[in-house]
Amino acid sequence: MLNPWRLRLLSRLAVLGTVRAVAQDVNLSASTVSHQLAVLETETRTRLLERTGRRVRLTPAGEKLARQARAILDHLDAVEAELRGDEPAGLVRIGAFQSAIHTFAVPAATRLAQTYPRLETEVAEREPHESVPALRAGDSDVVITTTDFADLPLGPDLEIIRLATDPIVLVTALDRPEPPGPAVLADYAGEPWALDIPPSYMANLTLRLCRESGFEPRAVCRFSNYLMTLQHVEAGLSIALLPGLAVDPRYRVATKPLATPVTRTIVAVTRRGSPRRAAVNAVLDALRQPIELPAAVEQA
(Lines give C-alpha, C1' and ligand atoms only; values in the text may rest on other atoms or scores of the structure.)
Protein backbone atom coordinates (compact mmCIF):
# COMPACT_ATOMS: atom_id res chain seq x y z
CA MET A 1 0.00 0.00 0.00
CA LEU A 2 1.37 3.42 -0.99
CA ASN A 3 1.87 5.88 1.84
CA PRO A 4 0.31 9.31 1.06
CA TRP A 5 2.96 11.18 3.06
CA ARG A 6 5.76 9.59 1.04
CA LEU A 7 3.89 10.32 -2.19
CA ARG A 8 3.72 13.95 -1.11
CA LEU A 9 7.48 14.01 -0.57
CA LEU A 10 8.03 12.56 -4.04
CA SER A 11 5.68 15.16 -5.54
CA ARG A 12 7.57 17.96 -3.78
CA LEU A 13 10.89 16.55 -5.02
CA ALA A 14 9.59 16.72 -8.59
CA VAL A 15 8.84 20.41 -8.09
CA LEU A 16 11.72 21.59 -5.90
CA GLY A 17 14.47 19.49 -7.45
CA THR A 18 16.61 18.63 -4.40
CA VAL A 19 16.16 16.62 -1.21
CA ARG A 20 17.48 19.57 0.80
CA ALA A 21 14.80 21.87 -0.63
CA VAL A 22 12.09 19.29 0.15
CA ALA A 23 13.41 18.93 3.69
CA GLN A 24 13.24 22.70 4.23
CA ASP A 25 9.73 22.80 2.74
CA VAL A 26 8.34 20.15 5.13
CA ASN A 27 10.52 20.98 8.17
CA LEU A 28 12.36 17.67 8.25
CA SER A 29 16.03 16.74 8.01
CA ALA A 30 17.42 15.83 4.60
CA SER A 31 18.34 12.38 5.89
CA THR A 32 14.74 11.77 7.00
CA VAL A 33 13.41 12.76 3.57
CA SER A 34 15.96 10.51 1.85
CA HIS A 35 14.99 7.62 4.10
CA GLN A 36 11.27 8.08 3.41
CA LEU A 37 11.89 8.16 -0.35
CA ALA A 38 13.95 4.98 -0.06
CA VAL A 39 11.04 3.34 1.79
CA LEU A 40 8.73 4.46 -1.04
CA GLU A 41 11.02 2.70 -3.52
CA THR A 42 10.72 -0.45 -1.42
CA GLU A 43 6.93 -0.11 -1.25
CA THR A 44 6.63 0.29 -5.02
CA ARG A 45 9.39 -2.22 -5.78
CA THR A 46 10.55 0.31 -8.34
CA ARG A 47 13.65 2.46 -8.71
CA LEU A 48 12.33 6.00 -8.42
CA LEU A 49 15.56 7.94 -7.93
CA GLU A 50 18.95 8.10 -9.63
CA ARG A 51 21.85 9.20 -7.46
CA THR A 52 24.60 11.21 -9.14
CA GLY A 53 27.22 12.13 -6.58
CA ARG A 54 25.45 13.96 -3.75
CA ARG A 55 22.35 14.77 -5.81
CA VAL A 56 19.34 12.74 -6.86
CA ARG A 57 16.97 12.98 -9.79
CA LEU A 58 13.78 11.15 -10.67
CA THR A 59 13.89 8.16 -12.99
CA PRO A 60 11.19 7.96 -15.71
CA ALA A 61 9.20 5.74 -13.32
CA GLY A 62 9.71 8.32 -10.56
CA GLU A 63 8.47 11.13 -12.79
CA LYS A 64 5.40 9.10 -13.74
CA LEU A 65 4.55 8.32 -10.11
CA ALA A 66 5.11 11.97 -9.10
CA ARG A 67 2.54 13.08 -11.70
CA GLN A 68 0.04 10.46 -10.56
CA ALA A 69 0.71 11.28 -6.91
CA ARG A 70 -0.81 14.73 -7.34
CA ALA A 71 -4.13 13.23 -8.51
CA ILE A 72 -4.04 10.64 -5.71
CA LEU A 73 -3.47 13.32 -3.07
CA ASP A 74 -6.24 15.50 -4.52
CA HIS A 75 -8.62 12.54 -4.34
CA LEU A 76 -7.70 11.88 -0.70
CA ASP A 77 -8.31 15.54 0.15
CA ALA A 78 -11.74 15.31 -1.50
CA VAL A 79 -12.64 12.15 0.46
CA GLU A 80 -11.56 13.72 3.76
CA ALA A 81 -13.62 16.84 3.02
CA GLU A 82 -16.66 14.68 2.22
CA LEU A 83 -16.35 12.84 5.51
CA ARG A 84 -16.29 16.15 7.39
CA GLY A 85 -19.68 17.10 5.95
CA ASP A 86 -21.22 18.95 3.00
CA GLU A 87 -20.22 22.47 4.03
CA PRO A 88 -17.11 23.70 2.18
CA ALA A 89 -14.19 23.79 4.59
CA GLY A 90 -10.42 23.80 4.66
CA LEU A 91 -7.76 25.78 2.81
CA VAL A 92 -7.97 26.67 -0.90
CA ARG A 93 -4.87 28.30 -2.38
CA ILE A 94 -5.63 30.75 -5.18
CA GLY A 95 -2.95 31.99 -7.59
CA ALA A 96 -3.78 35.01 -9.72
CA PHE A 97 -2.03 37.53 -11.93
CA GLN A 98 -1.76 41.07 -10.64
CA SER A 99 -4.82 42.73 -12.16
CA ALA A 100 -7.04 39.73 -11.34
CA ILE A 101 -6.29 39.89 -7.62
CA HIS A 102 -8.34 43.00 -6.84
CA THR A 103 -11.01 42.34 -9.47
CA PHE A 104 -11.63 38.59 -9.05
CA ALA A 105 -9.68 36.95 -6.21
CA VAL A 106 -10.28 39.44 -3.36
CA PRO A 107 -14.05 39.89 -4.03
CA ALA A 108 -14.43 36.10 -4.19
CA ALA A 109 -12.47 35.61 -0.96
CA THR A 110 -14.61 38.28 0.75
CA ARG A 111 -17.87 36.58 -0.26
CA LEU A 112 -16.58 33.17 0.80
CA ALA A 113 -15.51 34.44 4.25
CA GLN A 114 -19.05 35.72 4.82
CA THR A 115 -20.76 32.57 3.51
CA TYR A 116 -18.49 29.70 4.64
CA PRO A 117 -16.71 30.49 7.92
CA ARG A 118 -14.86 27.12 7.86
CA LEU A 119 -13.38 27.78 4.41
CA GLU A 120 -10.03 29.56 4.32
CA THR A 121 -8.52 31.13 1.20
CA GLU A 122 -4.88 32.01 0.58
CA VAL A 123 -4.25 34.36 -2.35
CA ALA A 124 -0.82 34.55 -3.98
CA GLU A 125 0.28 36.72 -6.89
CA ARG A 126 1.34 34.42 -9.73
CA GLU A 127 1.80 35.61 -13.30
CA PRO A 128 0.65 33.25 -16.11
CA HIS A 129 4.15 31.79 -16.57
CA GLU A 130 4.19 30.93 -12.84
CA SER A 131 0.60 29.95 -12.03
CA VAL A 132 0.10 26.87 -14.21
CA PRO A 133 3.34 25.18 -13.03
CA ALA A 134 2.27 25.97 -9.44
CA LEU A 135 -1.14 24.41 -10.09
CA ARG A 136 0.35 21.27 -11.58
CA ALA A 137 2.79 21.01 -8.68
CA GLY A 138 0.02 21.33 -6.09
CA ASP A 139 1.18 24.71 -4.76
CA SER A 140 -2.13 26.26 -5.92
CA ASP A 141 -5.61 24.70 -6.01
CA VAL A 142 -7.18 27.28 -8.34
CA VAL A 143 -5.38 29.76 -10.59
CA ILE A 144 -6.67 32.75 -12.52
CA THR A 145 -4.72 33.03 -15.74
CA THR A 146 -5.15 33.49 -19.48
CA THR A 147 -5.50 30.96 -22.28
CA ASP A 148 -3.53 33.29 -24.57
CA PHE A 149 -0.05 32.77 -23.11
CA ALA A 150 1.40 30.87 -26.07
CA ASP A 151 4.64 30.01 -24.22
CA LEU A 152 2.76 27.85 -21.72
CA PRO A 153 -0.35 26.20 -23.26
CA LEU A 154 -3.00 24.67 -21.01
CA GLY A 155 -3.20 20.92 -21.50
CA PRO A 156 -5.90 18.24 -21.10
CA ASP A 157 -4.80 17.65 -17.49
CA LEU A 158 -6.45 20.97 -16.56
CA GLU A 159 -10.08 22.08 -16.34
CA ILE A 160 -10.77 25.60 -17.64
CA ILE A 161 -13.63 27.91 -16.60
CA ARG A 162 -13.98 31.12 -18.60
CA LEU A 163 -14.37 34.30 -16.51
CA ALA A 164 -13.96 37.30 -18.84
CA THR A 165 -12.53 38.76 -22.04
CA ASP A 166 -10.11 41.64 -21.55
CA PRO A 167 -8.93 43.99 -24.35
CA ILE A 168 -5.31 45.08 -24.68
CA VAL A 169 -5.17 48.89 -24.92
CA LEU A 170 -2.57 51.57 -25.58
CA VAL A 171 -2.06 53.75 -22.49
CA THR A 172 -0.75 57.32 -22.72
CA ALA A 173 -0.65 60.42 -20.51
CA LEU A 174 -4.06 62.10 -20.28
CA ASP A 175 -2.84 65.47 -21.62
CA ARG A 176 -0.92 63.98 -24.56
CA PRO A 177 -2.36 65.04 -27.97
CA GLU A 178 -3.65 61.97 -29.79
CA PRO A 179 -5.36 61.55 -33.17
CA PRO A 180 -8.91 60.20 -33.01
CA GLY A 181 -9.65 56.54 -33.59
CA PRO A 182 -7.90 53.29 -32.65
CA ALA A 183 -4.14 53.17 -32.23
CA VAL A 184 -1.96 51.94 -35.10
CA LEU A 185 1.12 50.65 -33.30
CA ALA A 186 3.50 51.47 -36.17
CA ASP A 187 2.74 55.17 -35.52
CA TYR A 188 4.37 54.82 -32.07
CA ALA A 189 7.66 53.28 -33.20
CA GLY A 190 9.75 56.22 -32.00
CA GLU A 191 8.10 56.58 -28.59
CA PRO A 192 9.60 55.65 -25.19
CA TRP A 193 7.94 52.47 -23.92
CA ALA A 194 7.23 51.06 -20.47
CA LEU A 195 7.59 47.28 -20.58
CA ASP A 196 6.91 44.45 -18.19
CA ILE A 197 9.75 42.17 -17.03
CA PRO A 198 10.34 39.02 -19.15
CA PRO A 199 9.17 36.31 -19.36
CA SER A 200 5.78 37.66 -18.29
CA TYR A 201 2.73 37.52 -20.53
CA MET A 202 2.63 41.29 -21.19
CA ALA A 203 6.39 41.54 -21.78
CA ASN A 204 6.19 38.86 -24.46
CA LEU A 205 2.95 40.20 -25.95
CA THR A 206 4.19 43.80 -26.22
CA LEU A 207 7.40 42.71 -27.96
CA ARG A 208 5.48 40.48 -30.36
CA LEU A 209 2.91 43.15 -31.31
CA CYS A 210 5.56 45.83 -31.80
CA ARG A 211 7.72 43.55 -33.92
CA GLU A 212 4.71 42.54 -36.00
CA SER A 213 4.20 46.28 -36.58
CA GLY A 214 7.76 46.59 -37.87
CA PHE A 215 9.74 48.03 -34.94
CA GLU A 216 11.59 47.19 -31.73
CA PRO A 217 10.16 49.19 -28.80
CA ARG A 218 12.63 51.51 -27.04
CA ALA A 219 12.25 50.51 -23.41
CA VAL A 220 12.87 53.33 -20.90
CA CYS A 221 11.62 51.36 -17.89
CA ARG A 222 10.60 47.84 -16.90
CA PHE A 223 8.13 47.18 -14.09
CA SER A 224 6.42 44.04 -12.87
CA ASN A 225 3.84 46.25 -11.16
CA TYR A 226 1.09 47.84 -13.26
CA LEU A 227 0.68 50.74 -10.82
CA MET A 228 4.32 51.73 -11.34
CA THR A 229 3.78 51.54 -15.09
CA LEU A 230 0.70 53.75 -14.86
CA GLN A 231 2.58 56.28 -12.73
CA HIS A 232 5.39 56.43 -15.29
CA VAL A 233 2.94 56.84 -18.17
CA GLU A 234 0.90 59.44 -16.24
CA ALA A 235 4.07 61.54 -15.88
CA GLY A 236 4.45 61.59 -19.67
CA LEU A 237 7.68 59.58 -19.55
CA SER A 238 6.45 56.59 -21.55
CA ILE A 239 3.54 54.83 -23.23
CA ALA A 240 2.51 51.22 -22.66
CA LEU A 241 0.31 48.36 -23.72
CA LEU A 242 -1.80 47.08 -20.83
CA PRO A 243 -4.83 44.87 -20.33
CA GLY A 244 -7.97 46.94 -19.75
CA LEU A 245 -8.36 45.29 -16.35
CA ALA A 246 -5.00 46.74 -15.26
CA VAL A 247 -5.86 50.39 -15.95
CA ASP A 248 -6.59 51.88 -12.53
CA PRO A 249 -8.98 54.89 -12.82
CA ARG A 250 -7.06 56.73 -10.09
CA TYR A 251 -4.32 57.54 -12.62
CA ARG A 252 -4.68 60.36 -15.13
CA VAL A 253 -4.08 58.33 -18.26
CA ALA A 254 -5.89 57.85 -21.55
CA THR A 255 -6.54 54.53 -23.27
CA LYS A 256 -7.05 53.74 -26.93
CA PRO A 257 -8.19 50.45 -28.45
CA LEU A 258 -5.83 48.91 -30.98
CA ALA A 259 -6.59 49.19 -34.69
CA THR A 260 -6.03 45.43 -34.86
CA PRO A 261 -7.89 44.32 -31.72
CA VAL A 262 -6.13 42.02 -29.28
CA THR A 263 -7.85 40.45 -26.27
CA ARG A 264 -6.90 38.02 -23.54
CA THR A 265 -9.33 35.42 -22.23
CA ILE A 266 -9.31 35.30 -18.43
CA VAL A 267 -9.99 31.86 -16.98
CA ALA A 268 -10.02 29.98 -13.71
CA VAL A 269 -8.14 26.68 -13.90
CA THR A 270 -8.07 23.60 -11.68
CA ARG A 271 -6.47 20.19 -11.97
CA ARG A 272 -8.46 17.48 -13.71
CA GLY A 273 -8.44 13.80 -12.79
CA SER A 274 -10.08 13.58 -9.37
CA PRO A 275 -13.34 14.73 -7.76
CA ARG A 276 -13.11 18.37 -6.76
CA ARG A 277 -13.37 19.27 -3.09
CA ALA A 278 -16.49 21.15 -2.04
CA ALA A 279 -14.24 24.05 -1.02
CA VAL A 280 -12.72 24.29 -4.50
CA ASN A 281 -16.20 24.22 -6.06
CA ALA A 282 -17.24 27.04 -3.74
CA VAL A 283 -14.25 29.14 -4.85
CA LEU A 284 -15.07 28.56 -8.53
CA ASP A 285 -18.71 29.52 -7.93
CA ALA A 286 -17.59 32.71 -6.17
CA LEU A 287 -15.25 33.62 -9.04
CA ARG A 288 -18.16 33.28 -11.49
CA GLN A 289 -20.38 35.71 -9.57
CA PRO A 290 -21.11 39.04 -11.35
CA ILE A 291 -18.64 41.76 -10.38
CA GLU A 292 -18.02 45.38 -11.35
CA LEU A 293 -15.47 45.50 -14.16
CA PRO A 294 -14.21 48.25 -16.50
CA ALA A 295 -16.67 48.87 -19.33
CA ALA A 296 -14.37 47.35 -21.97
CA VAL A 297 -14.00 44.08 -20.06
CA GLU A 298 -16.70 41.52 -20.88
CA GLN A 299 -17.57 39.09 -18.09
CA ALA A 300 -18.46 35.51 -19.07
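Tutor: A residue is called buried when its relative accessible area is under 20%, exposed when that area is over 50%, and partly exposed in between, using a 1.4 Å probe and counting protein chains only. The model is a predicted one, in which local features need pLDDT of at least 70 and side-chain atom pairs count only at pLDDT 80 or more, whereas totals for chains, interfaces and linings use all residues. Residues are numbered from 1 along each chain as its sequence is written, and side-chain values use heavy atoms, with hydrogens and water left out.

Helices (H or I, at least four residues) and strands (E, at least two) are DSSP runs, numbered from the N terminus. The protein chain contains nine helices and twelve strands.

Let us turn to α6. Its buried residues are Pro-128, Ser-131, Val-132, Ala-134, Leu-135 and Ala-137. An α-helix has 3.6 residues a turn, so residues three or four places apart point the same way. Just after α6, Gly-138 adopts a positive phi of about 90°.

The loop between α6 (128–137) and β5 (142–146) holds Asp-141. Asp-141 counts as buried because its relative accessible area is 8%. A contact means heavy atoms within 4.5 Å. Leaving aside residues up to four places away in sequence, Asp-141 touches Leu-91, Val-92, Arg-93, Leu-135, Val-269, Thr-270, Arg-271, Arg-277 and Val-280. One of these partners, Leu-135, is itself a buried residue of α6.

Asp-175 is found in the loop between β6 (158–173) and β7 (192–195). Asp-175 counts as exposed because its relative accessibility is 68%. Although Asp-175 and Val-253 are 78 residues apart in sequence, their C-alpha atoms are 8.0 Å apart in space.

Finally, consider the chain as a whole. Among contacts between residues at least 6 apart in sequence, 73% join residues at least 24 apart. The C-alpha trace spans about 70 × 50 × 30 Å along its principal axes. Accessible areas come from the Shrake-Rupley method with a 1.4 Å probe, and for residues only the protein chains shown count as cover. The protein chain exposes about 15100 Å², of which carbon and sulfur atoms supply 52%.
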